[in-house]
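Student: I've got a fold open and I'd like to know what the labels on it rest on. Can we take them one by one?

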Amino acid sequence: MVFASCKEMDGIGNTMQKKAAELERMAEVLVTGEQLRLRLHEGKVVKDRRHHLRTYPNCFVAKELIDWLLEHKEASDRDTAIKIMQKLLDQSIIHHVCDEHKEFKDMKLFYRFRKDDGTFPLDNEAKVFMRGQRIYEK
């Protein structure tokens, strides 16, 4: 029989703690993103929009969203609001409607929640979270 040494066990424990902390941060971002999505739908910030004779369903204008975050005291200043939205963009919770911008820009650009267009990439951890979210909502 082979037994792991105390150092190996500590290493495994540290790795598991780091993974758990990472999953917890990801869950917080997912929850925050979903709560924001629901509030923006309620407030009619997310809606169908037209540009150059094309309609983009369920999207928001970045500049209007930053204004909304400030008006509703969700961010203390524009830079903080942009950082919040960049985090959601980095985690693939939102995206530019044409996927042309990898940085969130405080401009008249259309962005959309991936959950609203069915492009949210679900890995196993996200699926478990989403299932928990649905149970919680019921």
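Tutor: Helices (H or I, at least four residues) and strands (E, at least two) are DSSP runs, numbered from the N terminus. This is a predicted model, where local features need pLDDT of at least 70 and side-chain atom pairs count only at pLDDT 80 or more, while totals for chains, interfaces and linings use all residues. Residues are numbered from 1 along each chain as its sequence is written, and side-chain values use heavy atoms, with hydrogens and water left out.

Student: What makes β1 and β2 a pair?

Tutor: Strand β1 (residues 47-51) and strand β2 (residues 54-61) are joined by 4 bridges and run antiparallel; the rule asks for at least two. Histidine 51 stands opposite arginine 54 in β2. The hairpin has 2 residues between the strands, and histidine 52 takes a positive phi near 50 degrees there.

Student: How do you know that β2 and β4 pair?

Tutor: They have 2 bridges, in the antiparallel sense, and at least two is what the rule needs. Phenylalanine 60 has tyrosine 111 in β4 as its bridge partner.

Student: What order do the elements of the chain run in?

Tutor: From the N terminus, α-β-β-α-α-β-β-α-α, with 5 helices and 4 strands.

Student: Why is arginine 37 called buried?

Tutor: Buried means under 20% relative accessible area, exposed over 50%, and partly exposed in between (1.4 Å probe, protein chains only). Arginine 37 has 11% relative accessibility, so it counts as buried. Its place is in helix α1 (residues 6-42).

Student: What makes the link between arginine 37 and glutamate 34 a polar contact?

Tutor: The term needs a pair of N or O atoms within 3.5 Å; within protein, one must be able to donate a hydrogen and the other to accept it, and residues adjacent in sequence count only if both atoms are side-chain atoms. The two side chains make theirs at 2.9 Å. Contact in general means heavy atoms within 4.5 Å, and arginine 37 touches Phe113, Lys115 and Asp116, not counting residues up to four places away in sequence.

Student: How do you know that the buried residues of α2 line one face?

Tutor: In helix α2 (residues 62-71), Ala62, Leu65, Ile66, Trp68 and Leu69 are buried. Seen down the axis, they fall within an arc of 160 degrees, so they line one face of the helix. The arc is that of the directions from the helix axis to the C-beta atoms. Just after α2, lysine 73 takes a positive phi of about 60 degrees.

Student: What makes a group of residues a nonpolar core?

Tutor: They must be buried Ala, Val, Leu, Ile, Met, Phe, Trp, Tyr and Cys residues joined through side-chain atoms within 4.5 Å. The largest such core has 24 residues, and Phe60, Met85, Ile94 and Phe104 have the most contacts inside it. Two or more residues each come from α1, α2, α3 (78-90) and β4 (110-113), and α2 gives the largest share, 5 residues. Another core, of 5 residues, lies apart from it, and includes Tyr56, Cys59, Val97 and Phe110.

Student: Which residues does methionine 85 touch?

Tutor: Leu36, Phe60, Leu65, Ile66, Leu69, Ile94 and Phe104, not counting residues up to four places away in sequence.
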